[in-house]
Amino acid sequence: MPKIFMQQRFDASPERVFEALTDHVAFGRLLGEDIRLEKQGVPAPNGLGAVRAIHARGLTIREEVVGWEASRAMDYRVVGGAPLQNHLGEIRFVPDGSGVRVDYRIRFDWPWYLGGALVGGVLARSLERQIASGIARLASTLRS
């Protein structure tokens, strides 16, 4: 099972960082990907039950927000468009002095018939580089 773990410290309030990282469309721009909100969640628009469509590399991958705790946590899972299995993304916002530390975890299984752990590992490293780079850019610009 490929696993990704990233941490990033922000010099901004947990509320501000949570709002920025859970805005699906803006997060897509940050990553250089076309992410569109297909279904609003609770609270609207990005909360629990929201479905976002990621249009990348000729695919449309759909993710659903399955956990939401304002200013503290968001969880999501892939619900269509990719052969990922047992996918779960977890983002935690941990107060850290005058700022916040973001702990971002993703885990998934990649099917054996598509290269199994080898291909899944390559995909995990690519996702980690892209997401970590986008979050670092956000941290450098987002201030309290």
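Helices, as the term is used here, are DSSP runs of H or I with at least four residues, and strands are runs of E with at least two, numbered from the N terminus. In the predicted model, Tyr113 lies in the loop that links β7 (99–109) to α3 (116–141). The relative accessibility of Tyr113 is 52%, and because exposure is assigned over 50%, this residue counts as exposed. Together with Trp112 and Leu114, Tyr113 makes a nonpolar surface patch of about 420 Å².

The chain as a whole contains three helices and seven strands, which follow one another from the N terminus in the order β-α-α-β-β-β-β-β-β-α. The C-alpha trace spans about 45 × 30 × 25 Å along its principal axes, and the radius of gyration of 15 Å agrees with the value near 15 Å that a compact globule of 144 residues would have. Of the contacts between residues at least 6 apart in sequence, 46% join residues at least 24 apart. Buried residues account for 45% of the 144 residues, while the accessible surface of the chain amounts to about 7,500 Å², with 53% of this area belonging to carbon and sulfur atoms.

In helix α2 (residues 24–31), the buried residues are His24, Phe27, Gly28, Leu30 and Leu31. Viewed down the axis of α2, these buried residues fall within an arc of 160 degrees and therefore line one face of the helix. An α-helix has 3.6 residues a turn, so residues three or four places apart point the same way. Just after α2, Gly32 adopts a positive phi of about 75 degrees.

How values were computed
Residues numbered from 1 in each chain as written. Predicted model: local features only at pLDDT ≥ 70, side-chain atom pairs only at ≥ 80, totals over all residues. Heavy atoms only, no water. Patch = residues over 30% accessible without salt bridge, like charges linked within 9 Å, V, L, I, M, F, W, Y side chains within 5 Å. Areas by Shrake-Rupley, 256 points an atom, 1.4 Å probe, with all protein chains shown as cover. Salt bridge = Lys/Arg side-chain N within 4 Å of Asp/Glu carboxyl O. Buried < 20%, exposed > 50% of the residue type's maximum accessible area, 1.4 Å probe, protein only. Arc of directions from axis to C-beta. Rg over C-alpha atoms; globule rule 2.2 N^0.38 Å. Contact = heavy atoms within 4.5 Å.
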